[in-house]
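Please work through the exercises below with the structure open beside you, and try each task before you read the solution that follows it.

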Amino acid sequence: MIHLTAAQMASKLIAGETTSVELTQAHLDRIAAVDSDVHAFLFVDSDGALAQAAAVDALRAAGEKLAPLAGVPLALKDVMVQKGIPTTAGSKILEGWRPPYDSTVVTNLKNNGVVILGKTNMDEFAMGSSTENSAYGPTHNPWDLTRIPGGSGGGSSAALAAFEAPLAIGTDTGGSIRQPAAVTGTVGVKPTYGGVSRFGLIAFSSSLDQAGPCARTVLDAALLHEAIAGHDPKDSTSINAPVPQVVAAAKSGDVKGMKIGVVKELNGDGYQSGVRLRFEESLELLAAAGAEIVEVSAPNFEYALAAYYLIAPSECSSNLARFDAMRYGLRVGEVDGASAESVMNLTREVGFGREVKRRIILGTYALSSGYYDAYYGSAQKVRTLITQDFNKAFQKCDVMVSPTCPTTAFKIGEKSNDPIAMYLNDIATIPVNMAGIGGMSLPAGLAPEDGLPVGFQIMAPAMQDQRMYLVGAALEAALLSQWGAPLLSQAPELVGK
Amino acid sequence: MSSLSRDDVANLARLARIEMSEEELVNLSNEFTVILDAVARVQEVAGADVEPTSHPLPLRNVFRPDVVVPSLTPEAALSGAPAQEDSRFRVPQILGEEA
């Protein structure tokens, strides 16, 4: 049962062939069996999930009309607050904290009857590309337990690939949904900025952060997308417009006559040969499905990484000021006569990990008087140039595509001491965040040289998220008929307990 | 070539309210030489004629109706407090104890 898609699980629930309690228990059993190897979860809410499942089953038995995903389980990234459930964002500074309120994403999930299994591991405050920056230890890639599952949302992607959950929530500031999806052979979507409310999402970089759906199929991602998206008065940057019709697009998958722009600058040198191979094959499949492949150029994308590593740290240095040891979270150093300032300094020393401190200091520097124009100001200008590149390119095509990442999953520990090498993972995903548009990653096959999943990225103009689902569904269908079975059926069996 | 000395990092850490060991200060100072070189590339294309973008959405002054809605109770708001007293957050000494 756990190997079904979320849409299939929903159909079985509607047909009365299973119950949400059974389905939830099956996933809890799977978590108990394999999560000691994978470490996708930081907290498993067995009682809460089963209670939620029983409530959905009771409503269904009473003949209530339920939402499409009612009764289907989901894994929630630990950056999203859920009332009464330990929420850490992967940081020691929030260890043991139980939020007194629900994020809007959680409220929407609950209103849709989606069962929340627990909280998934992540790089501390979503800063990282490997989940190695979690204060609670790394998550392991189910394709090869010695490798990273991507980051920051490596817990969510690994939970999907290990069949611990059919759906997950991620957040994407520079690629934290798409890169984990790429390296685990799963699907991840970063909606248009403002498409999903940020209320209750622990802020890293407010002008870039965006929550979105993670799943094993394009249709499942679309179903989850529609469940969580929509205007929220509690988030002033939430878009007040109808949610794009992504489920209809995922069911259609019709790309006849669509123009698909291959980004010249996001290919070639620095991209692993198997990544390039699977990317080129995917383009051929899309052409065979009736799309027209064109080349587009985005000359300023090469500056996106540099701009990102100024903008994101600048915003995080401000956002993380709230962790001050006064109102919630960790407090250390409170000896007799200690000042609030010394308690703050000591708490933040102990509570924050290396990467978080590195970025706070970098952001503090980039925003400081005398350096502001040279660093943060220049980065904001690059942001304009990247948006202009997208606008020009979208005059020639309906969507833009690239490999999601330059390489397949690397070994745990391989890049953890080289911040610049680690940052390069996000070279193809960051431009999307800078412009606030939508991006999707879906599996394009395995790289022949290492047998690991390769991600195919689709980028669509703001508020045209349905276009990613059209192209994603078309490619997924074409690849599936080649493979004969979903890519994840080729992943090694987890032994577990 | 940009760089930050150990003392520069110490000053930034003080501004950011993070206590740092001597080892951390030195390590960060070394790392920043590399990181600042990488990020300084933004200056190559950031001409005076380019407008900055601070946010992806063209939003200005979003308002909502000013109506009273239920908010957190004092108990809920204090539920995560490291210390509390009389329905308030209890915090360490903020001002110098001269008086």
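**Exercise 1.** Determine what share of the residues of chain A count as buried, and judge the overall dimensions of the chain.

Solution. In this predicted model, 63% of the 497 residues of chain A count as buried. Next, consider the radius of gyration: a compact globule with 497 residues would have a value near 23 Å, and chain A, with 21 Å, agrees with that expectation. The C-alpha atoms of the chain, taken along the principal axes, fill a box of roughly 70 × 55 × 45 Å. Finally, turn to the fold itself, where chain A has 16 helices and eleven strands, and where, among contacts between residues at least 6 apart in sequence, 77% join residues at least 24 apart.

**Exercise 2.** Find the strands that pair with strand S6 (residues 211-215) of chain A, and explain why S6(A) is described as largely enclosed.

Solution. Begin with strand S4 (residues 167-171) of chain A, which runs antiparallel to S6(A) and is joined to it by five bridges; within this pairing, Gly170(A) has Gly212(A) as its bridge partner. Then take strand S5 (residues 187-190) of chain A, which pairs with S6(A) over two bridges, again in the antiparallel sense, with Gly188(A) bridged to Cys214(A).

**Exercise 3.** Describe how helix H7 (residues 218-228) of chain A packs against helix H16 (residues 465-483) of chain A.

Solution. Two packed helices are described by the angle between their axes and the distance between the axes. Here the axes come within 9 Å and cross at roughly 155°. Because angles over 145 degrees count as roughly antiparallel, H7(A) is roughly antiparallel to H16(A). At the level of residues, Val218(A), Leu219(A) and Ala222(A) of H7(A) meet Tyr469(A), Gly472(A), Ala473(A) and Glu476(A) of H16(A), and the residues of this contact divide into five nonpolar, one polar and one charged.

**Exercise 4.** Work out which element provides the largest share of the side of chain A that touches chain B.

Solution. The contact takes 58 residues from chain A and 44 residues from chain B. The elements giving two or more residues to the chain A side are helices H10 (304-319), H11 (340-351), H12 (354-366), H13 (373-393) and H14 (419-423) of chain A. The largest share, twelve residues, comes from H13(A). Sorted by class, the side of chain A that touches chain B has 31 nonpolar, 16 polar and eleven charged residues.

How values were computed. Residues are numbered from 1 along each chain as its sequence is written. Chains are lettered from A and ligands numbered from 1 in the order in which they are written. This is a predicted model: local features need pLDDT of at least 70, side-chain atom pairs count only at pLDDT 80 or more; totals for chains, interfaces and linings use all residues. Axes are lines fitted to C-alpha atoms, for helices over the stretch in contact, and angles run from 0 to 180 degrees between N-to-C directions. Helices (H or I, at least four residues) and strands (E, at least two) are DSSP runs, numbered from the N terminus. Angles under 35 degrees count as roughly parallel, over 145 as roughly antiparallel, 65 to 115 as roughly perpendicular and the rest as oblique. Two residues are in contact if their C-beta atoms, placed from the backbone, lie within 7 Å. Ala, Val, Leu, Ile, Met, Phe, Trp, Tyr, Cys and Pro count as nonpolar, Asp, Glu, Lys and Arg as charged, and the others, Gly among them, as polar. A residue is buried if 20 or more other C-beta atoms lie within 10 Å of its own, exposed if 12 or fewer, and partly exposed in between; C-beta atoms are placed from the backbone. Two strands pair if DSSP finds at least two bridges between them. The radius of gyration is taken over C-alpha atoms; the globule rule is 2.2 Å times the number of residues to the power 0.38.
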